[in-house]
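Here are my notes for you on this one. Have a look at the model first, then go through the points with it open beside you.

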Amino acid sequence: MRTQATPEQTQAVEDEIQRIGLRPFINPGVERKVIAVLGALDAKKADLVEHFHSFPGVERVDLISHLWKLASREYHPADTVIDVAGVKIGGNQITIAAGPCSVESEAQTTEIAHRVKEAGAHMLRGGAFKPRTSPYAFQGLGEEGLKILAKARAETGLPVVTEVMDPHDVNLVARYADVLQIGTRNMQNYPLLKRVGATKHPVLLKRGLGCKLRDLLMSAEYIVAEGNHNVILCERGIMTFEDSTRHTTDINAVPVLKHWTHLPVIVDPSHATGDSKYVGAVSKAAVAAGADGLLVEVHNDPQHALSDGPQSLRPEEFKALMEQIGRIAEAVGRRV
Ligand code: PEP
Ligand code: MN
């Protein structure tokens with residue numbers, strides 16, 4: 001309560017807490033009274049904050065426990081390890097997904113899939129439905145792209161990570177993909193989150209460009225609350241005032257998320273930097289900081305890529321990076 005709150009205002013808040021079936025617990029401080037509200041259901045807490053905020057004499061309404069209960073470490077102290085067609089994410093291993101930004105053709109995708117597999121990648125990434133800033137830019141091959149990814153998986157054995165943008169496409173994409181990627185622009189597309197939550201498919205949830213880690217965890221909670229606990233969080237760079245790189249990698253996100261949640265945390269150094277010459281350094285920083293994996297763009301002909309060529313590593317650069325990542329992983333007690 002405010003320091004100037006009247007006894008009547010404090011009483012009104014206590015009465016309201018009781019009226020809605022909860023218990024008030026008064027902490028009579030020297031300067032102000034603090035009223036604890038006990039017994040609220042998690043599902044109601046967010047609404048209660050707004051409700052009590054508007055009462056006269058109330059200064060602030062704080063939540064003691066997180067709103068992302070199921071995703072929180074308090075609820076589930078041990079790390080969650082997700083099994084993607086036999087590939088584990090979130091355990092001792094650092095899991096690397098690599099491949100082109102977009103699926104462009106069968107030849108391009110299978111060639112890159114073989115090259116990243118040879119270099120030691122565990123999963124293949126590639127977009128069939130592409131969220132492009134311009135409606136005139138290449139939008140992806142759609143279902144044809146999914147079929148190409150499925151062929152590349154059949155040839156290499158690499159599980160496939162690919163983006164789904166539209167709630168109506170979730171079933172279609174889930175028929176081909178091993179991991180459903182939710183892109184940065186859709187982190188707060190709640191109908192989409194609920195739809196992927198209703199599947200049992202692993203979900204790779206990217207952080208929104210302008211979203212706090214709290215928002216990311218709240219979005220993860222949407223998926224987990226639908227019964228799908230297979231959520232991988234991905235830091236992919238955020239918007240800041242710095243414009244010497246495409247986005248700014250929030251390396252802090254890794255230890256903070258690992259502290260707050262049991263879900264695996266990976267980093268996408270490609271979209272975070274937007275420049276292939278910085279991808280290696282940021283990849284190594286991410287692994288050193290405790291990331292459970294990386295999502296890296298690799299292209300066999302970056303100059304002619306239909307999207308994100310400038311940030312794509314050539315297969316030989318990716319191979320060299322994998323060797324370095326192995327040494328960093330060893331230094332922090334993990335393996336690739
Ligand atoms: C991608 O991974 O291809 C992609 C579009 O990423 P983001 O949503 O992070 O921009
Ligand atoms: Mn891309």
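1. Let's begin with a lining: in the second largest pocket, seven lining residues are nonpolar, three are polar and seven are charged. The sorting counts Ala, Val, Leu, Ile, Met, Phe, Trp, Tyr, Cys and Pro as nonpolar, Asp, Glu, Lys and Arg as charged, and the others, Gly among them, as polar. A pocket here is an open set of points on a 1 Å grid over the protein atoms alone, with protein on both sides within 12 Å along at least five of seven lines; a cavity is a set where a 1.4 Å probe fits but cannot get out, and lining residues have an atom within 4 Å of a point.

2. Before you go further, keep in mind that this is a predicted model, in which local features need pLDDT of at least 70 and side-chain atom pairs count only at pLDDT 80 or more, while totals for chains, interfaces and linings use all residues. Residues are numbered from 1 along each chain as its sequence is written, chains are lettered from A and ligands numbered from 1 in the order in which they are written, and side-chain values use heavy atoms, with hydrogens and water left out.

3. Back to that second largest pocket, which holds about 410 Å³ of space. It is lined by 17 residues, and Ala-46, Leu-67, Met-218, Glu-221 and Tyr-222 are the closest to its centre. Two or more lining residues come from each of H2, helix H6 (190-197) and helix H7 (213-225), and H7 gives the most, six. Helices (H or I, at least four residues) and strands (E, at least two) are DSSP runs, numbered from the N terminus. As for volumes, grid points are joined across faces, edges and corners, and the volume is the space filled by probe spheres set on the points.

4. Now the largest pocket, with about 710 Å³ of space. Of its 23 lining residues, Ile-35, Ala-36, Val-37, Val-61 and Asp-62 lie nearest the centre. Helix H1 (7-19), strand E2 (33-38) and helix H2 (42-53) each supply at least two residues, and E2 has the largest share, with five. By class, this lining has 16 nonpolar, two polar and five charged residues.

5. Which residues coordinate the manganese ion (ligand 2)? They are Cys-101 (SG), His-271 (NE2), Glu-297 (OE) and Asp-308 (OD), at 2.0 to 2.3 Å. Along the chain, these donors follow the spacing C-x169-H-x25-E-x10-D. Cys-101 sits in the loop between strand E5 (95-99) and helix H3 (106-119), and His-271 in helix H9 (residues 269-273), so this pair links parts of the chain 170 residues apart. Donors are N, O and S atoms within 2.8 Å of the metal (3.2 Å for Na, K and Ca); water is not among the atoms, so sites may look incomplete.

6. Buried means under 20%, exposed over 50%, and partly exposed in between (1.4 Å probe, protein chains only).

7. Asp-308, another of the manganese donors, has a positive phi near 55 degrees although it is not glycine. Look for Asp-308 in the loop between strand E12 (293-297) and helix H11 (315-331); at 17% relative accessibility, it counts as buried. Ala-85 also has a positive phi, of about 45 degrees, without being a glycine. Ala-85 is in the loop between strand E3 (82-84) and strand E4 (87-89), and at 60% it counts as exposed.

8. Last, the aromatic pairs: the count is three. Rings of Phe, Tyr and Trp (its six-membered ring) pair if their centres lie within 6.5 Å; planes under 30 degrees apart count as stacked, over 60 as edge-to-face and the rest as tilted. Phe-52 and Phe-55 are tilted, 5.6 Å centre to centre with 35 degrees between the planes. Tyr-190 and Tyr-222 are stacked, at 4.5 Å and 25 degrees.
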